Amino acid sequence: MTDSANWSPSSWRNFPAQQLPPWPDPDEYQQAVETISAFPPLVFAGEIRALKDILAKAAEGEAFLLQGGDCAEDFSQCTAPYIRETLKVLLQMAIILTYAGRKPVAKVGRIAGQFAKPRSSNMEKIGDQELPSYRGDMVNAPEFTPEARRPDPQRLIKGYYTSCATMNLLRAFTKGGYASLQRVHSWNNDFVKNSPIGQSYEQLAEQISMTLSFLENIGLKVDSPQFNQANVYTSHEALLLGYEEALTRRDSISGEWYDCSAHMVWIGDRTRQLDGAHVEFFRGIHNPIGLKIGPSYDLDETLRLIEKLNPENEAGRLTLITRFGAGKVGDYLPRLARGVRGAGHKVVWCCDPMHGNTYVAESGHKTRNFDDIMAEVRGFFDIHRAEGTIPGGVHLEMTGENVTECIGGGRKIENDHLKLNYATQCDPRLNAEQSLDLAFHLAQMINS
Ligand code: PEP
Ligand code: CO
C-alpha cells in the first residue's frame, strides 16, 4: 500500500491524537497493551478479505451493507440472550433486504469490540461536581463517581476477553444452525403477525415463504450451508489506538498488516484529521475501513483523506459513512457525492441516519425520531441517484431489546414512553420493532 516503508503499527504515536484517554498510570497502561499484544487475534485476514470482496460489490451497487448494533456495548450485557437478540434482528433485517432489495447483504455488527467512545466534552458536570466523561467500558465506568470515571487499563484486557466471548457466540450461532433461513423467516412472520404495522408487510413475508418452500420442493437441502449458516462480520470505531496496535498482525499469507480486533473498523467524525494519529494508523492496515463524515467536513480535505486512506483506489477498501441529519443531508451530501465522483474514487456510500438526528427531549433523554431517521435515509437514496453515485449501505444504532429510546415507529413511541425502558449507555437505539420497520421501508428504496 502507500508509502509502507514509513508506516508501522506504532507510527501513529508520532502524530497528534484526539480523544485518547489520559491513563493516570502510564506503566500500568503499557503493561496492559503488551499483554494484549501477546493474545491471539480475534479475526483472521482471510475473513477480512471476504468482507472486503462483498464491499467491493457494494461500491458497484451489486451488494448492500447493513451495519448496526449498540452505540456503546456494555460489559454487563455480554450475555447469551442479549447477543442472541441483537444477532436475531440483524439477520431478520438482512433477509428482508436480500429478498426485496435483490442483492446480497453484508451483515456487519457494531459488536464484539464497540467499547470506546469519543466525547464532545472531556468533563461532565452534575450540580457542583465535575468528573471526567464516560468514554466507554473499555476505558471507565458510567457511574458518576471519581472512582468509576478513572481510566483503568485493566478494562482494555476485559474488553479483549468480552469481545472474544461475544465473537465466540456469534460464530456458534451463525455456523451452528441458529441462523437458518427458515428460522429467521419465521421470526419475521411473528413480527408481521404481532406488530401494529406488521400487516403492511404481509405480502412481502408471504413471497419469501413461497420462495423458501419452492427451493425446498425442488430438492435444495435445508441443512446446506446456504440455508442454515450466515456470515456475520464485526466492526467498531478503532478509537483506542494502543489497543488496536496491539491486535494488528502481519498476515502470514499476504505479508500485509491487518487490525485483527474486528473485520471492519472505522474512523469517527471527531478523529478524521488528515495529519492526525488515527488517519496515520488506518492508512497502513488492510482491513476494509469506514470514515464517518458529518457537516463539518471540508471537501478538499476529504478528497485528500480519501487518497491517503485508499491510494490505490481499491473498491471495498473505503466506506464513507455520512451522518448529516435529515435537515442537512440535502445541503451537505450532493456536493460531497459530486466531488468524490468527480475525483474518480471508488467508495461504498453508507448512510448513518442516527448521529445527525439526535436531540434532547423535554424529559431530558437524548433521543431520535424515527421519521427523521427515515427522512435522512430517503434523502440519501434520492441524492445519490440524482448524482449518479450508488447508495450502498446503512449504519444504524439498534438493539434486539424492547427499549424505548427513539420516538415513533410502528408502535408510536412518544416522549412520555422514553422513561419506560431507556437502557443505553450512550446514544438512543432503534428497538427490534423499529429496526424491522426500517428494514421493510429500506427494502423498497433499494429496489426502486
Ligand atoms: C458513533 O458512531 O457512535 C459516533 C460517535 O459517531 P460519529 O463519529 O459519527 O459522531
Ligand atoms: Co453513537
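In my terms, buried is under 20%, exposed is over 50% and partly exposed is in between, with a 1.4 Å probe and protein chains only. Asn313 has phi near 55°, a positive value, and it isn't a glycine. You'll find Asn313 in the loop between α11 (299-309) and β10 (318-322); helices are DSSP runs of H or I with at least four residues, strands are runs of E with at least two, and both are numbered from the N terminus.

Quick housekeeping: this is a predicted model, so to speak of local features I need pLDDT of at least 70, side-chain atom pairs count only at pLDDT 80 or more, and totals for chains, interfaces and linings use all residues. Residues are numbered from 1 along each chain as its sequence is written, chains are lettered from A and ligands numbered from 1 in the order written, and side-chain values use heavy atoms, with hydrogens and water left out.

Ala112 also has a positive phi, about 60°, again without being a glycine. Ala112 sits in the loop between β2 (105-110) and β3 (123-126), but this one counts as buried, at 2% relative accessibility.

Now the metal. What coordinates the cobalt ion (ligand 2)? Cys71 through SG, His355 through NE2, Glu397 through OE and Asp427 through OD, at 2.1 to 2.4 Å. Donors here are N, O and S atoms within 2.8 Å of the metal (3.2 Å for Na, K and Ca), and with no water among the atoms, sites may look incomplete. Along the chain the spacing reads C-x283-H-x41-E-x29-D. Glu397 is in strand β14 (residues 391-397) and Asp427 is in the loop between β14 and α14 (432-447), 30 residues apart. Glu397 and Asp427 are both buried.

On to charges. There are 20 salt bridges, counting a side-chain nitrogen of Lys or Arg within 4 Å of a carboxyl oxygen of Asp or Glu. Take Arg429 and Asp70, whose side chains meet at 2.7 Å, N to O. Arg429 is in the loop between β14 and α14, and Asp70 is in the loop between β1 (64-69) and α3, so this pair ties together parts 359 residues apart in sequence. Both Arg429 and Asp70 are buried.

Last bit: the domains. An automatic or database assignment gives domain 1 (11-178 + 229-447) and domain 2 (180-214), with C-alpha centres 28 Å apart. What area is buried between domain 1 and domain 2? About 1700 Å², with 72% of that from carbon and sulfur atoms; that's the accessible area (1.4 Å probe) the two parts lose on being put together, summed over both. Ile95, Tyr99 and Phe440 supply 38% of what domain 1 buries against domain 2, more than any other three residues.

How many salt bridges lie between domain 1 and domain 2? The count is 0.
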